[in-house]
Amino acid sequence: MHDDRPLVEGRIGRFIDQRINPAVYVSRGSTTVTAWTVPDEPVPFDEAAGQKFEPIEYGAAWGAPWGTMWLHVTGTAPPEWFDSRGRLPRGMIPELLVELGFTGGPGFNAEGLAYRPDGSIIKAVAPFNNWLPIDPKEPLDIYLECAANPDIPGFQPTDRGDKATAGSDPIYRLREIQFVLRDATVWELQQDIAVLWSLMHALPFDLPRRHEILRALERMTDTMDPDDVAGTAAAGREVLAPVLAKPAYASAHNIIAVGHAHIDSAWLWPVRETVRKCARTFSNMVDLMDRHPEFRFACSSAQQFAWIKEHYPELFSRIKAKVAAGQFIPVGGMWVEADTNMPGGEAMARQFVAGKRFFIDEFGIDTPEVWLPDSFGYSAALPQIVTASGSNYFLTQKISWNQTNRMPHHTFRWEGIDGTQVFTHFPPVDKYNSDLGGSDLGHAQRNYRDMGAGTMSLVPFGWGDGGGGPTREMIAAARRTHSLEGSPTVTIGSPIEFFEKASAEYPAPPVWSGELYLELHRGTYTSQANTKQGNRRSEGLLREAELWASTAAVRGVFDYPYDELDEVWRLVLLQQFHDILPGSSIAWVHQDAERNYAAVAERLTAVISAATTALAGKGRKTLLFNAAPTDRDGVPALGAAGAPTPNHSPPRKHRRGFVLDNGMVRAVVSGKGLVTSLVDAASGREAIAPGAAGNLLQLHRDTPNVWDAWDIDEFYRHVVTDLTALDSITADGADVVLTRSFGKSRIVQRLRLATDAPELLVTNEIDWHESQKLLKLAFPFDVHADRSASETQFGHVFRPTHSNTSWDFAKFEICAHRWVHVGESGYGVAVANDSTYGHDVGRRTREGGWTTTTVRLSLLRAPRYPDPHADQGAHTLRVAIRPGATIGDAVESGYRINLPARVVKGAADEITPLLSVANPATVVEAVKLAEDRSGDVVVRIYESHGGRATTAITADFPYESVEFTDLLERPVDGPALSHKGATAAFELRPFQLVTLRYRR
């Protein structure tokens, strides 16, 4: 038999496009449409409905970028629809078809939300879901809030991401809003064809099933009358029924399909628009649930539920009813789908505390799974944090985006830095917005890497990124593929249904140990430096505010500001969303973030000032408040004492440069402003590699292939300029001050020695005006380090400094929190920072076999998309280099540079800490009062050195008992606890995180 497949497929495709699809909607009727354009930011329904609406014609231009237009649509259904008894033709479903002038797919386009005159929401309209239900026997009277969200062009500079530069010209044209009858039989035929057509193209050519489907579709085309599609649609369905009835293979892969609408809390739209996107998507999901009782929709991010509760209370009540019915399923247990590389330990914990408490308080649900399908890599500390929150499962698909290596498993146990394991699933469909078409289902089955051990995977389906969610067409596809030959089986279900079944059938899956490093989007550790600095400083201020407020409250001199701290925490947690903190959003988003961080700083500074003033009392004595977990300047950790007089040693001229020496460390700064020698007194060893120099600024060309703000591609290293030319070098008090100009930018560096630690401090004041450049600061050390240690949440992670394997090579840019440490037996160097996350660490062999290990900090980038002006302007970034450092010293340096001591005037001689810890490896990460407002003291601690630690914590306040809790402060089993007076002693395993609750 000759191969006529292309000819037959072309014929069938034309028949579908030109005959069947146009026949779905019949008998259109007109409406009356009037409009009111909102002059600025969106307004609520009540305000809009009271405005004066003017007539608008189809074809009229509307909607400046980010603008809003309200439409008032009225009319009556065409009388010819009804027979003499007032009945519609059998199989005809009345609807309102709304075409706002869509120019692309859902989530990146115009969108609308329909209201009844009483302000209750009907549902939303968007591309591929542009219909509204109507009662044809009642007059039509609805209001449509239409959002003119611009379709941000991909990967090229655009001014549309900033409201101030987006322009005022309309970007859409209103097409039509009409009464229509939907022919149910033709629509069902359309769904039959869609499933078979996509399945056919997903099957290999040598499989008989593919040809069977092709011939069935050909017979369907022959059977139907192209001039009478409505009259012959039933006959066409009869032809296809036998191929649709054939069951799936007994060994077919089993898919649990979970409705999902990945709604980025900000990205190519501002947060204010995300609020409306949530309302539009969620209203559609509730409507879909009403029509399809089997439908299940998983929704993460407590923040998005909170927005609906605040701004759309009527919709929120409907959602609560669907949650109770098991259809609308809160998942994830986090405040937002956060980045997990950069948030600090306590902030990462609070994502779960805030998210889970909201779900428990509002819905009575403690989410068992973590749902992070789109974050840019996953910290090795996460398994312990997930488990400490009370969750048991973890889901993502983002690692499928790896550029270099493919993960060996889709279902496995993920082991964190402390040894905690969590059951983890990567959906092999490799996306979070499937349409349940044959291509997606076939890919999930073929791609599944645990065949023979496991038989199932999860598929999140529904339009995503900008929202949208599942549609009725996707529900139809799920029904038809429940058991269909050639396809995996599909069952609509919930995430917990999948995880319980998958863990039961696969009780001993393989183990992946360590971070889930995304081999892509490495630039997100550096882009939008102001946003990253705001995050780091907010985390520090929150630590201080809770510590001093708790201390003052327990001492009886201050009322703990529960509400204020809750509000600020939630605001900070929102900024940690995986397109805000990583710096990958439009300008508007980052302008909002910077305003939010400024407000956070103001509010927390007020709390800190009030609490420390209450503790210090009224007086003129100078007190130094030390919020760090280690002593400094003679002031105990977590306490306050008299402030010593700083003793700065001024620089001495040395040849054309300077020497800095405080008795603990000696640094030589050359006439080029480079650090040519760095020796700590304790070891007497030179830290800088022979023939090399530290404090070297290096400027790279930074032009990634695709994702500007997201990516640093490996080839950036091919082009580099060492910035050694100096404008000036001078001494200023205790500082050596260097000025360099390059390109359109200028940098002033201040080098000084710490007064109470063997550290060289480098303050970088940068006026940055480059484009597509990457600025690095390099320190080459005379250390043989085969791995680097980088701080992560509640510990550190080791990464190789070599490129033995493709996995090692792919980590050419890494994320660290407050410090990086490189060392060999008996000696190491720590590099700490106050707001930098991106680093690279490499090594080379010198003549004679000695090794130079170079640590470089990624200070600034200048991507053009999606914010063409990212990072432009003034920045101040601080770095501390500590030679002769252990891991413990690195931990101390990280806290020191991020938590400067606070000077307060008062009457007290000292403020005794609420707690003291005996073992320096044990770090107090947070001190706060309990979430239930009982006044109990909650302390979060972890082992920081990577070894076992026997520790003793002594409380300086009366309490009835002390117990271990989870992150939500619920009692759990913990290490064996012994008491002696006010001291509790126990042993921690390496990197173990525990929460102690002192009941008062």
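Reply: One term before we start: buried means under 20% relative accessible area, exposed over 50%, and partly exposed in between, with a 1.4 Å probe and protein chains only. By that cut-off C815 is buried, because its relative accessible area is 6%.

Me: What sort of model is this, and what are the ground rules?
Reply: The model is predicted: local features need pLDDT of at least 70, side-chain atom pairs count only at pLDDT 80 or more, and totals for chains, interfaces and linings use all residues. Residues are numbered from 1 along each chain as its sequence is written, and side-chain values use heavy atoms, leaving out hydrogens and water.

Me: How far is C146 from the nearest cysteine sulfur?
Reply: 19 Å, and that sulfur belongs to C278.

Me: Is C146 buried or exposed?
Reply: Buried, because its relative accessibility is 0%.

Me: Switching to helices. What angle do α3 and α11 make?
Reply: About 40 degrees, with the axes 7 Å apart. Helix α3 covers residues 184-202 and helix α11 covers 438-447. Helices (H or I, at least four residues) and strands (E, at least two) are DSSP runs, numbered from the N terminus. Axes are lines fitted to C-alpha atoms, for helices over the stretch in contact, and angles run from 0 to 180 degrees between N-to-C directions.

Me: And which label does α3 get against α11?
Reply: That angle makes α3 oblique to α11. Under 35 degrees is roughly parallel, over 145 roughly antiparallel, 65 to 115 roughly perpendicular, and the rest oblique.

Me: Which hand is the crossing of α3 and α11, left or right?
Reply: Right-handed. A crossing is right-handed if the near helix is turned clockwise from the far one by less than a right angle, and left-handed if anticlockwise.

Me: Which residues meet there, α3 to α11?
Reply: S198, L199 and A202 in α3 meet G438, S439 and R446 in α11. Contact means heavy atoms within 4.5 Å. By class, two are nonpolar, three polar and one charged. Nonpolar covers Ala, Val, Leu, Ile, Met, Phe, Trp, Tyr, Cys and Pro; charged covers Asp, Glu, Lys and Arg; the others, Gly among them, are polar.

Me: How does α3 pack with α4?
Reply: At about 145 degrees, with axes 9 Å apart; α4 spans residues 208-223. The crossing is left-handed. From α3 come I193, L196, W197, L199, M200 and H201; from α4 come R210, I213, L214, L217 and M220. That contact has nine nonpolar, one polar and one charged residues.

Me: New topic: where is P460?
Reply: In strand β20, residues 456-461. P460 counts as buried because its relative accessibility is 2%. Beyond its neighbours within four places in sequence, P460 contacts several residues, including V258, H260, W371 and K431.

Me: Now the backbone. Where is there a cis peptide bond?
Reply: Between Y865 and P866, with omega about 5 degrees. P866 sits in the loop between β42 (851-861) and β43 (873-883).

Me: What about phi at H521?
Reply: Positive, about 60 degrees, though H521 is not a glycine. Most residues other than glycine have a negative phi, and most peptide bonds are trans. H521 lies in the loop between β22 (511-513) and α14 (529-554). H521 is buried, at 1% relative accessible area.

Me: And Q528, what is its phi?
Reply: Positive too, about 55 degrees, and not a glycine. Q528 is in the loop between β22 and α14. Q528 counts as buried at 4% relative accessibility.

Notes:
Disulfide = S-S within 2.5 Å.
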